[in-house]
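Subject: Structure handover

Hi,

Here is the structure for you to look over. My notes follow below it.

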Amino acid sequence: LWDLGFGRDPSVNVKNFKAYLAGIPQIPASLLADDADLPLLSLADPRPGLLRSCKLLGIQYEELGYSDDSVEPFDDRFATPTTPFWFRHDDGRKNRNRRPDHCRDEVNGDIQVGTAMEGIFAFAHHPDIIKEDERVIDLPGSVYRDDCGLCAYLEVWFGQVELDVGGDSDIADPECGSLRLRRK
């Protein structure tokens, strides 16, 4: 993330990698252990905001007509931390061809579905979780501010990674699957 400019973003604005690293929490012990159900580990740095983070990661978002205010958590369970955090996640394949709203409704305990912010950082660390014409990641923890029936999703379209918030939460698609994760 440092190499992509996160530490040099005005929202963080540190002088060097050592100072940036000092603001990153240690990986919680509960996330260090291997987990066959959630095999991937990622770091999110939400401080720049969704729009700026997408720009730093090379993900089209603003180009699709969206802003930081276009997306919101479905409810309080999906509020994104404002400081860097680690999370363990899958690649969404377990939920392929399942309605995003059903996946969101089934969350329990520490396992939940991903948000737009978590999705872009999962992709930043594990770009193979999405693939053009094959795999799309639904992120039903985030919904379109003007229509909570529409959720966020991450896809590759004509070779470009896009974060869209116009996905129908009530439609299952064989190419789509909701990201599952655990923060603690």
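Is Arg135 buried or exposed? Arg135 is buried, at a relative accessible area of 8%. Buried here means under 20% relative accessible area, exposed means over 50%, and partly exposed lies in between (1.4 Å probe, protein chains only).

Two points on the basis. This is a predicted model, in which local features need pLDDT of at least 70 and side-chain atom pairs count only at pLDDT 80 or more, while totals for chains, interfaces and linings use all residues. Residues are numbered from 1 along each chain as its sequence is written, and side-chain values use heavy atoms, with hydrogens and water left out.

Salt bridges

The search of the whole structure gives 15 salt bridges. The criterion is a side-chain nitrogen of Lys or Arg within 4 Å of a carboxyl oxygen of Asp or Glu. Arg135 has such a bridge with Glu134, with the closest N and O atoms 3.1 Å apart. Glu134 is partly exposed at 32% relative accessible area.

Asp37 and Arg180 form another, with 2.6 Å between the closest N and O atoms. This pair links distant parts of the chain, 143 residues apart. Asp37 sits in the loop between helix H2 (29-32) and strand E1 (40-44), and Arg180 in strand E9 (residues 180-182). Helices (H or I, at least four residues) and strands (E, at least two) are DSSP runs, numbered from the N terminus. Arg180 is buried, with a relative accessible area of 10%. Asp37 is partly exposed, at 34%.

Four strands form an open sheet in the order E1-E3-E9-E4, with antiparallel pairing. Two strands pair if DSSP finds at least two bridges between them. E1 and strand E4 (111-113) stand at the edges with a single partner strand each, so one side of each has no neighbour in the sheet. Neighbouring strands are turned by 40 degrees against each other on average, direction ignored. E1 and E3 pair over five bridges, in the antiparallel sense. Ala44 has Phe85 in E3 as its bridge partner.

H5 lies across E1, E3, E4 and E9, and runs at about 120 degrees to E1. For angles, axes are lines fitted to C-alpha atoms (for helices over the stretch in contact), and values run from 0 to 180 degrees between N-to-C directions.

Glu118 is in helix H5 (residues 116-125). Glu118 is buried, with a relative accessible area of 0%. Leaving out residues up to four places away in sequence, Glu118 touches Phe85, Phe87, Gln112, Val113, Leu179, Leu181 and Arg183. Contact means heavy atoms within 4.5 Å.

The nonpolar core

The largest nonpolar core has 39 residues. Such a core is a set of buried Ala, Val, Leu, Ile, Met, Phe, Trp, Tyr and Cys residues joined through side-chain atoms within 4.5 Å. H5 gives the largest share of this core, six residues. Residues with the most contacts inside the core include Ile120, Phe121 and Tyr61.

Best regards
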